[in-house]
Amino acid sequence: MSEDCSKLDRLKSDFVHLFLQQSETADNVSKYVYDNLLDESILECIFEIHHNASLGKYSPENDEPLLTESTPDMTVTSAAQHLKKAVKCVCPNCNRGRILPSKFAPHLECCMGMKRNSSRIASQRIANTGKESSYIETMSDDDEDWQICSEKQKTSKKLDLKKKKTKKGPRPKASVPSDIAPINVESVDNLATLLSLDSSSRTWDTETNTCMYLTDSPLSRKKEKSKSKLKASTP
Amino acid sequence: MSQSSPRNTAYVDLMQTGDYDRFRELLKKRLVECGWCDQIQVICREIAREKGPGITAQQLMDEVAVKGRALVPNSVKRELLQKVKEHLLKEAGYYDNELKKKTETAADESMS
């Protein structure tokens with residue numbers, strides 16, 4: 001039986017081959033195949049439309065005009081405006097209507113309390129600053145080690161400051177005005193006495209371009225002292 | 001047309017090898033490219049609106065099939081026919097001279 005079957009199959013295939021080797025028959029078969037293919041693709045479209053029609057999408061009451069079927073007097077921009085006007089959201093939590101779709105997500109986030117509430121914490125802190133007078137007091141209650149460390153740091157900082165001051169002290173620029181200043185003030189105070197002095201008692205010092213008083217007043221003595229100090233510091 | 005006709009056997013062979021599906025995809029692609037699918041959908045929608053939701057698929061098919069066949073561009077039709085024919089001839093050994101001779105001799109033997 002199997003041999004007969006195989007022979008029959010071979011004969012059949014040979015016959016088909018012979019049949020197809022004539023180009024006319026090949027034309028016929030290709031036309032047949034093409035017709036079937038076209039029928040199938042038409043059926044695909046029809047099934048889709050029939051499915052929608054059976055759901056009632058194309059009924060005259062529920063007639064939603066698509067963009068492809070829009071009326072000729074309706075331009076694209078007007079259609080877009082129509083769409084813009086139509087879209088508005090309603091918040092399900094607070095029932096607030098007329099929220100734009102772009103603002104809807106942040107609004108819902110705030111409304112449901114999911115948003116990061118740093119602003120609220122900050123406002124609370126501002127409100128509490130009046131009650132809690134100083135920030136350091138609250139911190140000292142918490143941690144002793146930290147406090148010790150901070151004290152050490154503070155003392156070290158103070159020491160540094162002192163060192164800096166001592167370093168700054170012997171500078172000539174800083175010392176000179178501090179020494180001279182009181183004398184100048186005194187000189188301003190005793191301007192009347194200076195003016196009352198005779199011109200003969202004054203001499204012009206060319207080296208330092210200052211007035212020298214020959215009279216043995218305490219003021220002149222102080223000036224001389226300052227000059228000697230200046231001379232000592234300047235070289 | 002009987003089930004065992006050579007046309008049907010060729011058709012079944014095409015289906016079994018998977019070439020038929022390839023041709024169907026090609027045709028679908030070409031039809032979408034040229035806008036045939038949209039045209040058919042518009043026609044179907046109009047008919048469905050006229051007849052209401054009680055329309056059957058067979059009614060739609062009867063009305064649309066003729067229009068659909070006419071609307072297919074000639075270039076697409078020619079391309080598909082050419083490709084299917086070429087494929088069939090290639091499978092049958094039309095371009096293979098040795099196989100052609102062999103089959104001819106086999107046919108002669110069987111005839112004698």
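Biologist: How is burial read for a side chain, and does B:Tyr11 count as buried or exposed?
Modeller: Burial is read from relative accessible area: under 20% is buried, over 50% is exposed and anything in between is partly exposed, with a 1.4 Å probe and protein chains only. B:Tyr11 has a relative accessibility of 13%, so B:Tyr11 counts as buried.

Biologist: What should I know about the model and its numbering?
Modeller: This is a predicted model, in which local features need pLDDT of at least 70 and side-chain atom pairs count only at pLDDT 80 or more, while totals for chains, interfaces and linings use all residues. Residues are numbered from 1 along each chain as its sequence is written, chains are lettered from A and ligands numbered from 1 in the order in which they are written, and side-chain values use heavy atoms, with hydrogens and water left out.

Biologist: How are aromatic pairs read, and how many does the structure hold over all chains?
Modeller: Rings of Phe, Tyr and Trp (its six-membered ring) pair if their centres lie within 6.5 Å; planes under 30 degrees apart count as stacked, over 60 as edge-to-face and the rest as tilted. Over all chains there are 2 aromatic pairs. A:Tyr32 and B:Tyr11 make an edge-to-face pair, at 5.3 Å centre to centre and with 65° between the planes. This pair crosses between chains: A:Tyr32 is in helix α2 of chain A, and B:Tyr11 is in helix α1 (residues 6–17) of chain B. B:Tyr11 also pairs edge-to-face with B:Tyr20, at 5.2 Å centre to centre and 85° between the planes.

Biologist: What do A:Tyr32, B:Tyr11 and B:Tyr20 form together?
Modeller: They form one aromatic cluster.

Biologist: How is the size of an interface stated, and what is the area buried between chain A and chain B?
Modeller: The size of an interface is often given as the accessible area lost when the parts come together. The loss is summed over both parts, with a 1.4 Å probe. Between chain A and chain B the buried area is about 4,400 Å², and carbon and sulfur atoms give 71% of that area. Counted by contact (heavy atoms within 4.5 Å), 39 residues of chain A and 46 residues of chain B take part.

Biologist: How many residue pairs are in polar contact across the interface, and which helices of chain A supply residues to it?
Modeller: A polar contact is a pair of N or O atoms within 3.5 Å; within protein, one must be able to donate a hydrogen and the other to accept it, and residues adjacent in sequence count only if both atoms are side-chain atoms. The interface of chain A and chain B has 9 such residue pairs, both residues at pLDDT 80 or more. On the side of chain A that touches chain B, α1 (2–21) and α2 (23–54) each supply at least two residues. The most comes from α2(A), with 27 residues. By class, that side of chain A has 21 nonpolar, 8 polar and 10 charged residues. Here Ala, Val, Leu, Ile, Met, Phe, Trp, Tyr, Cys and Pro count as nonpolar, Asp, Glu, Lys and Arg as charged, and the others, Gly among them, as polar.

Biologist: How is a salt bridge read, and how many are there over all chains?
Modeller: A salt bridge is a side-chain nitrogen of Lys or Arg within 4 Å of a carboxyl oxygen of Asp or Glu. The structure holds 11 salt bridges over all chains. One pair joins two chains, because B:Lys85 lies in helix α5 (residues 74–92) of chain B and A:Asp27 in helix α2 of chain A. The closest N and O atoms of B:Lys85 and A:Asp27 are 3.2 Å apart. A:Asp27 is partly exposed, at 38% relative accessible area. Between chain A and chain B the count is 5 salt bridges.

Biologist: Which residue of chain B forms a salt bridge with A:Glu40?
Modeller: A:Glu40 is bridged to B:Arg24, with the closest N and O atoms 2.7 Å apart. This pair joins two chains too, because A:Glu40 lies in helix α2 of chain A and B:Arg24 in helix α2 (residues 19–33) of chain B. B:Arg24 also forms a salt bridge with B:Asp21, at 2.9 Å between the closest N and O atoms. B:Asp21 and B:Arg24 are 3 residues apart in helix α2 of chain B, about one turn of the helix.

Biologist: How many helices and strands are in chain B?
Modeller: Helices (H or I, at least four residues) and strands (E, at least two) are DSSP runs, numbered from the N terminus. Chain B has 6 helices and 0 strands. Of its 112 residues, 38% are buried.

Terms used: Buried area is the accessible area (1.4 Å probe) that two parts lose on being put together, summed over both.
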